[in-house]
Amino acid sequence: MPLSLLPSFLLYCYVGAITPGPANLCSLSTALRYGRGLALRQWRGLFVGFSVISMAAVAVTFLLGTLLNPYVGYLSWLGAAYLLWMAWHTFRSSSGPEGQEAAQPSFLTGLLVQLTNVKIMVFCLMALASYVLPYNRSFWALLAVGLFLPFTGPVANLAWLFAGAALQKLFANHRRAVDAVMAAALALCAVSLVWPH
């Protein structure tokens, strides 16, 4: 990647990492419900899951090269459907009885959220296909960017996690409204994945 593209790449990473998505909203929601300690345990799984997806994107991008581009659109639709499912689940989570809480968050739940997070799949594939492949088809160049990417999304997850921990008391008093806002944010993410720009 030419140095002139570095600011654009870093802006892409920042926007992709900080905008609401399954992992960010999961971090926020977990911190709101359970506090910082359990949310950090889950975050470790988010980080590992992001790293696995990033390395898989390096392998797929290297093996398929430009043949991958036509399929990114299909992944976007699949990701939008997944985000809508998560939005519905988030919205309904506060309508059940208080005693019916989900299992406590863990490393495994964080890992599973990331391994099924189509937003980061598309994010990693597009970063590699748009910023590396047109300029360098070397496996090492793809790997270097792939190793950098896990330090974008999971760092943003931490920002959402600490925001959730700080707002935990507010959530306890307004759980239904907060769940509705998070569900709406997920639905907006789904629309933005497939809506023509």
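Residues are numbered from 1 along each chain as its sequence is written. In this predicted model, local features need pLDDT of at least 70 and side-chain atom pairs count only at pLDDT 80 or more, while totals for chains, interfaces and linings use all residues.

**Whole chain.** Begin with the protein coloured by secondary structure: there are 10 helices and 0 strands, taken as DSSP runs (H or I, at least four residues, for helices; E, at least two, for strands) and numbered from the N terminus. Of the 197 residues, 45% are buried, that is, under 20% relative accessible area, with exposed meaning over 50% and partly exposed in between (1.4 Å probe, protein chains only).

**Surface patch.** Next, select Met1, Leu3, Leu6, Leu10, Tyr135 and Phe148, which form a nonpolar surface patch with about 570 Å² of accessible area together. Areas follow the Shrake-Rupley method with a 1.4 Å probe. Centre on Leu6, in helix H1 (residues 6-18); Leu6 is partly exposed, at 35% relative accessible area.

**Cavity.** Finally, select Gly16, Ala17, Lys119, Ile120 and Gly153, which lie nearest the centre of the largest cavity among its 14 lining residues. A cavity is a set of points on a 1 Å grid where a 1.4 Å probe fits but cannot get out, and lining residues have an atom within 4 Å of a point. Helix H6 (118-131) is one of the helices that supply at least two lining residues; the largest share, 3 residues, comes from H6.

Key: Heavy atoms only, no water. Patch = residues over 30% accessible without salt bridge, like charges linked within 9 Å, V, L, I, M, F, W, Y side chains within 5 Å. Salt bridge = Lys/Arg side-chain N within 4 Å of Asp/Glu carboxyl O. 1 Å grid on protein atoms, 1.4 Å probe; cavity = no way out; pocket = protein on both sides within 12 Å on 5 of 7 lines; lining within 4 Å.
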